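Hi there,

Here is the structure I promised to pass on.

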Amino acid sequence: MLRSTKEQYRMQRWRDLSSDPNDPKVMEFRRIAISKARTEKPIADRVTYLCELVRGKSVLDIGVVEHTRDAANSREWLHGHLQRHAARCLGVDVLGAEVGYLREQGYEVILADITQSPLPEKFDIIIGGEVLEHLDAPGMFMKNCAAMLNPGGQLAITVPNPWYINAIVKSCFARYTFVESADHVAWYDASTLLELGQRHGFDLERFTGIAVRGAKTLPTRLLMKLRP
């Protein structure tokens with residue numbers, strides 16, 4: 001979760017300490033900042049958590065199509081849940097035919113590329129659910145999101161976890177090299193999100209993991225119970 005900031009309320013930046021990003025003082029400063037933002041328990045359910053964040057607010061949901069129009073028929077379709085909890089929920093995506101289909105179904109969605117320019121509207125909260133890892137212009141995404149938030153507004157981002165144990169273990173073996181999705185161009189963690197956000201008017205308010213559900217093997221179930 002990133003929060004839009006005004007300069008006088010901003011968190012201290014690493015450049016306030018040193019011009020060297022690898023200075024030990026800077027590294028410790030970054031670790032402390034992330035530690036303060038990290039919650040102890042992972043989120044049990046991503047959709048439920050995001051719905052609580054948007055309840056009663058004006059919301060922009062970016063990347064609503066989720067690859068294909070069939071996603072809208074799933075019980076897990078994020079935008080379908082968000083629009084039932086928000087005071088208003090505008091959806092955007094870059095896939096024209098799919099956006100047209102959703103509009104025919106009665107959803108308030110528009111064709112727009114947020115990496116190109118911001119919308120001429122302001123929102124209380126912006127949801128970027130599993131979007132950032134697809135973008136080749138993440139800085140412009142952040143900059144334009146900041147321009148679309150009301151003062152003190154929030155940007156909630158969910159991304160795949162590069163430190164997920166399944167990805168690490170599989171990548172140790174050539175035949176099982178982990179591939180998340182063919183259209184992903186980046187991995188993000190708390191430190192990179194904090195840095196990217198601060199460059200464009202945000203501070204890291206909090207971050208957490210999402211608990212693994214439906215583990216199939218006994219070793220995986222035991223591991224997730226011990227360290228979700």
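First, the ground rules. This is a predicted model, in which local features need pLDDT of at least 70 and side-chain atom pairs count only at pLDDT 80 or more, while totals for chains, interfaces and linings use all residues. Residues are numbered from 1 along each chain as its sequence is written, and side-chain values use heavy atoms, with hydrogens and water left out.

**Salt bridges**

The structure holds eleven salt bridges (a side-chain nitrogen of Lys or Arg within 4 Å of a carboxyl oxygen of Asp or Glu). One of them pairs E121 with R88, with the closest N and O atoms 2.6 Å apart. This pair links distant parts of the chain, 33 residues apart: E121 sits in the loop between β4 and β5, and R88 in strand β3 (residues 88-93). Strands here are DSSP runs of E with at least two residues, and helices are runs of H or I with at least four, numbered from the N terminus. E121 is partly exposed at 28% relative accessible area, and R88 is partly exposed at 31%. For these labels, buried means under 20% relative accessible area, exposed over 50% and partly exposed in between, using a 1.4 Å probe and protein chains only.

E195 and R199 form another bridge, at 3.0 Å between the closest N and O atoms. E195 counts as buried because its relative accessibility is 16%, whereas R199 is exposed at 60%. D23 bridges to K25 at 3.2 Å, and D23 is buried too, with 14% relative accessibility. Finally, R3, E205 and R206 are linked in a network of salt bridges.

Helix α5 covers residues 138-147, and its buried residues are G139, F141, M142, N144, C145 and A146. They pack against β1 (2-4), β2 (58-62), β5 (123-129), β6 (149-158), α7 (190-198) and β7 (202-204); contact means heavy atoms within 4.5 Å.

T115 lies in the loop between β4 (109-111) and β5. Leaving aside residues up to four places away in sequence, T115 touches L135, A137, M140, F141 and N144. T115 counts as buried because its relative accessibility is 10%. Its side chain also makes a polar contact with the side chain of D113, at 2.6 Å (N or O atoms within 3.5 Å, where within protein one must be able to donate a hydrogen and the other to accept it, and residues adjacent in sequence count only if both atoms are side-chain atoms).

Grid points are joined across faces, edges and corners, and a volume is the space filled by probe spheres set on the points.

The cavity's lining is R46, D61, I62, G63, V64, E66, L78, H79 and G129, with β2 and α3 (78-85) each supplying at least two residues.

The second largest pocket holds about 550 Å³. Its lining has 27 residues, of which G63, D93, E130, V131 and H134 lie nearest its centre.

Best wishes

Key: On a 1 Å grid over the protein atoms alone, a cavity is a set of points where a 1.4 Å probe fits but cannot get out, and a pocket is an open set with protein on both sides within 12 Å along at least five of seven lines; lining residues have an atom within 4 Å of a point.
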